[in-house]
Amino acid sequence: MSSELDSLYQEIILDHYKNPHHQGLRDPFEAEVHHVNPTCGDEITLRVHLVDGAEGPVVQDVSYDSVGCSISQASTSVMTDLVIGKPLDEALSVHEEFLTLMQGKGKVEPDEDVLEDGIAFAGVAKFPARIKCALLAWMAWKDATTQTLEARDG
Amino acid sequence: MEGLLPQLEVVRKDFPILTRTTPDGSPLVYLDSANTSQKPQCVIDAMVDHLERHNANVARAMHLLGAEATEAFEGGRDKVAAFLGAPSRDEVVLTKNASEALNLLANTLAWPGVHQVGAGDVVVTTEMEHHSNIVPWQLLTQRTGAELQWFGITDDGLLDLSRIDELLTERTKVVTLTWVSNMLGTVNPVAEIPRRAHEVGALVFVDASQAAPQLPIDLAAMPVEERPDALVFTGHKTVGPTGIGVLWARADLLEALPPFLGGGEMIETVRMERSTYASAPYKFEAGTPPIVEAVGLGAALEYLSDLGMESVERHERTITAYALEGLQSVPGLRVLGPTDAAGRGGAIAFELDGVHPHDIAQVLDSRGVAVRAGHHCARPAHERFGVQSSTRMSSYLYTTPAEIDALVEGLEYTRSYFTLG
């Protein structure tokens with residue numbers, strides 16, 4: 001019983017939940033989105049700030065204000081660690097990797113070099129009801145990033 | 001324990017699902033009955049028997065099976081009418097669920113007729129409604145230019161009647177409210193509000209989705225001025241199947257309202273230039289109705305009546321009192337809504353300091369205890385109490401005190417798991 005629960009609530013997840021990184025809404029930003037999980041009511045407001053780097057856009061900042069369960073809060077914190085400061089292309093490929101892990105029904109072996117603390121969410125993939133929690137911030141970030149890029153190109 | 005259903009262990013044997021276990025072998029503790037109730041064997045058998053032996057379409061099939069299916073379907077309607085104490089069986093419209101029944105009312109009131117809701121009119125609902133008794137009225141008022149107003153909630157979780165004179169005026173055309181709150185458990189004054197609303201000429205609709213499973217209802221016995229004009233409930237919370245709901249409305253209201261969905265079975269004559277319609281209830285039952293579901297619902301309501309709704313109510317109240325006491329013994333736990341079992345139903349929403357409802361439900365689930373986490377389709381009521389979501393346990397006629405103990409122990413474990421203990 002406990003071991004199943006422990007595979008969901010990894011130490012890393014509880015640490016991020018209790019001490020979330022990069023919390024709060026900050027300026028400047030190009031896009032702000034508000035996403036909800038309609039089944040449980042978890043909510044996030046998330047801002048994205050991109051700057052131009054030598055080889056394309058770089059994720060300069062991701063800031064957020066959110067309410068939700070331990071999984072969604074920890075996932076948000078881990079995501080900001082993973083994408084802030086990275087070239088956008090690389091951040092997007094981390095996003096892809098995390099999505100693959102979450103949709104893998106617990107059968108995907110996570111790559112620690114890419115996902116770092118994100119590997120702690122491997123257990124979440126075995127709990128279908130919680131996958132949405134883990135993905136809330138990632139979906140919001142993707143949405144805000146897309147909006148930023150569209151505004152630039154437009 | 002005084003007040004429980006007599007022979008509770010025998011009653012529990014009527015519900016085959018209660019004997020199953022979780023994957024690791026723990027017994028199942030099902031405390032999510034306000035979400036959907038479990039089904040007794042007699043309901044399952046009635047539906048299987050119908051499909052095995054009597055299946056045909058109703059009303060239009062001129063053969064043996066068609067006659068049997070029609071009789072079974074209409075028998076379901078009779079049993080609903082008897083369960084509600086409806087003055088007439090023709091006042092019972094079978095819908096898909098309670099949401100469809102409420103949408104039927106809100107939708108048909110937008111069209112020309114004696115009860116049409118238009119610009120300047122007022123529709124009154126309450127902050128403790130399920131979304132299904134909010135959104136249809138938002139749609140109606142937005143579409144017609146009418147105004148939606150709200151009864152608030154007191155700090156104790158009761159309906160706030162202090163503004164009743166402002167809310168009920170000659171502009172008020174509809175008052176719609178839940179009998180029992182699915183989140184706070186509050187039992188609302190469903191005699192006083194109709195009486196006051198009828199004085200200003202408003203129609204009164206009651207959402208009995210949480211009341212029908214646990215309180216005796218006798219429409220015919222209610223004084224006319226206190227009787228709602230319509231009442232809805234859903235089959236699956238009253239030990240019946242999903243896919244069927246009930247709209248009861250007084251005969252002259254059903255007669256005055258225009259059709260809702262168009263199609264087969266709801267017509268009298270169809271001509272290319274225009275059609276005429278069947279009388280109620282058939283006017284509101286377009287297409288092939290939920291036939292086997294009506295059979296199952298009939299069996300379910302008979303099952304409840306055989307147990308006796310007074311006994312079911314007493315059982316719920318007894319378990320609820322025991323649960324309120326147990327829950328409040330958990331440090332950091334706050335019950336949302338009335339804390340006296342006398343004036344409430346069997347759904348108890350609560351918060352636990354430092355642990356999100358989703359995480360509570362997860363830890364409880366790992367111990368075989370099923371509860372609901374989230375806003376329970378009652379977001380405005382959660383906002384009223386300044387909480388984003390809550391955990392909700394809901395008991396029913398098959399719930400035992402030992403299951404409440406398992407919940408309370410599970411909550412203690414949850415606190416220790418998240419190192420709050």
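The questions below take up helix pairs, then a sheet.

This is a predicted model, in which local features need pLDDT of at least 70, side-chain atom pairs count only at pLDDT 80 or more, and totals for chains, interfaces and linings use all residues. Residues are numbered from 1 along each chain as its sequence is written, while chains are lettered from A and ligands numbered from 1 in the order in which they are written.

Q: Why are H4(B) and H5(B) called roughly parallel?
A: The axes of H4 (residues 98-108) and H5 (residues 135-144) of chain B cross at roughly 15 degrees and come within 9 Å. Axes are lines fitted to C-alpha atoms, for helices over the stretch in contact, and angles run from 0 to 180 degrees between N-to-C directions. Angles under 35 degrees count as roughly parallel, over 145 as roughly antiparallel, 65 to 115 as roughly perpendicular and the rest as oblique. H4(B) and H5(B) are therefore roughly parallel.

Q: Which residues make the contact of H4(B) with H5(B)?
A: H4(B) brings B:Leu102, B:Asn103 and B:Ala106. H5(B) brings B:Pro136, B:Trp137, B:Leu139 and B:Leu140. Contact requires C-beta atoms, placed from the backbone, within 7 Å.

Q: What classes of residue make up the contact of H4(B) with H5(B)?
A: Six are nonpolar, one is polar and none is charged. Ala, Val, Leu, Ile, Met, Phe, Trp, Tyr, Cys and Pro count as nonpolar; Asp, Glu, Lys and Arg as charged; the others, Gly among them, as polar.

Q: What is the handedness of the crossing of H3(B) and H9(B)?
A: It is left-handed. That label applies if the near helix is turned anticlockwise from the far one by less than a right angle; clockwise makes it right-handed. The axes of H3 (residues 64-84) and H9 (residues 291-307) of chain B come within 8 Å and cross at roughly 40 degrees.

Q: Where does A:Gly41 lie, and what is its phi?
A: A:Gly41 is in the hairpin of E1(A) and E2(A), with a positive phi near 90 degrees. Four residues lie between those strands.

Notes:
Helices (H or I, at least four residues) and strands (E, at least two) are DSSP runs, numbered from the N terminus. Two residues are in contact if their C-beta atoms, placed from the backbone, lie within 7 Å. Two strands pair if DSSP finds at least two bridges between them.
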